[in-house]
Amino acid sequence: MYQNTIVVGHLGRDPEMRYLPSGTPVTSFSIATTRKWNNAEGQPQEKTTWFRVSVFGKQAESCNQYLA
């Protein structure tokens, strides 16, 4: 089963590219998303969630080249 998720946020650090023994490129990076709301007392609240992302193949090369 294939699942698709879209995460919009801020890049945590520059991507790191490596190669699998088969020669397939893999790029890893993290994305931070922040959610802001007011609690029951009206006080502003904020929560940041980090996502670890791994991209394979041609997309890995593109991510490594263009994300910074």
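What radius of gyration does the protein chain have, and what would a compact globule of 68 residues have? The protein chain has 16 Å, whereas such a globule would have a value near 11 Å. The radius of gyration is taken over C-alpha atoms, and the globule rule is 2.2 Å times the number of residues to the power 0.38.

This is a predicted model, in which local features need pLDDT of at least 70, side-chain atom pairs count only at pLDDT 80 or more, and totals for chains, interfaces and linings use all residues. Residues are numbered from 1 along each chain as its sequence is written, and side-chain values use heavy atoms, with hydrogens and water left out.

**Overall form**

The C-alpha trace of the protein chain spans about 55 × 30 × 15 Å along its principal axes. Of the 68 residues, 21% are buried. Buried means under 20% relative accessible area, with exposed over 50% and partly exposed in between (1.4 Å probe, protein chains only). The accessible surface is about 5,800 Å². Carbon and sulfur atoms hold 50% of that surface. These areas come from the Shrake-Rupley method with a 1.4 Å probe; for residues, only the protein chains shown count as cover.

**Strands and helix**

The protein chain has four strands and one helix. Their order from the N terminus is β-β-β-β-α. Helices (H or I, at least four residues) and strands (E, at least two) are DSSP runs, numbered from the N terminus.

Strand β3 covers residues 25-38 and pairs with strand β1, residues 10-11. β3 also pairs with β2 and with β4. Two strands pair if DSSP finds at least two bridges between them. The table lists the pairings.

| Pair | Direction | Bridges | One bridge |
|---|---|---|---|
| β1 and β3 | antiparallel | two | L11 with I31 |
| β2 and β3 | antiparallel | four | E16 with S28 |
| β3 and β4 | antiparallel | 13 | N38 with P44 |

Strand β2 spans residues 16-19, and strand β4 spans residues 44-56. In a regular strand, side chains alternate between the two faces of the sheet.

**Two hairpins**

β2 and β3 form a hairpin with five residues between the strands. There, G23 takes a positive phi near 95°. β3 and β4 form a hairpin too, with five residues between them. In that turn, G42 has a positive phi of about 85°.

**Contacts**

Take the contacts with a separation of 6 or more: residues 24 or more positions apart account for 40% of them. Contact means heavy atoms within 4.5 Å.
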